[in-house]
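Biologist: I have a model open and would like to learn how to read it feature by feature. Could you take me through it?

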Amino acid sequence: MVTEAKKEEVEELKDKFERAEGMVFSDYRGITANDLNKLREAFTKEGLEYRVVKNTLAAIAAEETGMGDVSKFLEGPIAMAVGYDDPVLPFKISSDTEEEYDHFTAQGGMIEGDLVEPEEIESISKLSSKEELMASLAMGLKSPVRKLAYVLKAKVNDLAVVLDQVKEAKEE
């Protein structure tokens, strides 16, 4: 039976799916309630949302947003980590969590609209974050400009020395 609460939950999930840059679905069976709260805090601290979802409602929301066959990731009790800014961050945190908790298993995910199979999660987690890539790009752009400034400064200094020598030669 479709209730108003279920409709609202589907609409909320659709909104999350549409706005998410990266998302990981995970099986948390065997993790205690206290540990689940710690996980939620750890994900939230990194700017991610971590929440338990109802599989059927998540599948409906995914279908309505055109996400593809997400239902294959929705077996058993599932939680999802959602990142809205950095598409790689949910994968990094999920991989770290999988190493820390034996019962935590990443089932699959989505990165910038494309589905990610479970075996691809670890390789995605090793990619550089958006901030790291931006810093690297900034350093790459800054380096040639800095070198040009040094060369120009050296040439101006050389010119000043030559002019000074010409002046001294004319005075003699």
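Modeller: Gladly. Let us start with strand pairing: two strands pair if DSSP finds at least two bridges between them. Keep in mind that this is a predicted model. Here, E2 and strand E3 (residues 78-83) pair in the antiparallel sense over 5 bridges.

Biologist: Which residue in E3 is the bridge partner of Glu49?

Modeller: That partner is Val82. Hold on to Glu49, as we will come back to this residue among the salt bridges.

Biologist: In what order do the strands of the open sheet lie?

Modeller: The order is E2-E3-E1-E4-E5, with 5 strands and antiparallel pairing. Strand E2 (49-53) and strand E5 (114-116) are at the edges, and each has a single partner strand, so one side of each lacks a neighbour in the sheet. On average, neighbouring strands are turned by 20° against each other, direction ignored.

Biologist: Which strands does helix H2 lie across, and which does helix H4?

Modeller: Helix H2 (residues 33-45) lies across E2 and E3, and runs at about 140° to E2. Helix H4 (residues 89-100) lies across strand E1 (22-27), E3, strand E4 (105-111) and E5, and its angle to E1 is about 25°.

Biologist: Now for salt bridges. How should I think about them?

Modeller: Side chains of opposite charge can pair when their charged atoms come close. The rule applied here asks for a side-chain nitrogen of Lys or Arg within 4 Å of a carboxyl oxygen of Asp or Glu. By that rule the count is 11 salt bridges.

Biologist: Is Lys16 buried or exposed?

Modeller: The cut-off for buried is under 20% relative accessible area. Lys16 has 7%, so this residue is buried, whereas Glu49 has 22% and is partly exposed.

Biologist: Which parts of the chain does the pair of Glu117 and Lys72 link?

Modeller: Glu117 is in the loop between E5 and helix H5 (121-125), and Lys72 is in the loop between helix H3 (55-65) and E3, 45 residues apart. Their closest N and O atoms are 2.7 Å apart. Glu117 is partly exposed at 25%, and Lys72 is partly exposed at 40%. Elsewhere, salt bridges that share partners join Glu9, Glu12, Lys16, Glu49 and Arg51 into one network.

Biologist: Which residues make the nonpolar surface patch?

Modeller: Met134, Leu137 and Leu141 make a patch of about 330 Å². Leu137 lies in helix H6 (residues 130-171) and is partly exposed, at 49% relative accessible area.

Methods: Residues numbered from 1 in each chain as written. Predicted model: local features only at pLDDT ≥ 70, side-chain atom pairs only at ≥ 80, totals over all residues. Heavy atoms only, no water. Helix = DSSP H or I, 4+ residues; strand = E, 2+ residues; numbered from the N terminus. Axes fitted to C-alpha atoms, helices over the stretch in contact; angles between N-to-C directions. Contact = heavy atoms within 4.5 Å. Patch = residues over 30% accessible without salt bridge, like charges linked within 9 Å, V, L, I, M, F, W, Y side chains within 5 Å. Areas by Shrake-Rupley, 256 points an atom, 1.4 Å probe, with all protein chains shown as cover. Buried < 20%, exposed > 50% of the residue type's maximum accessible area, 1.4 Å probe, protein only.
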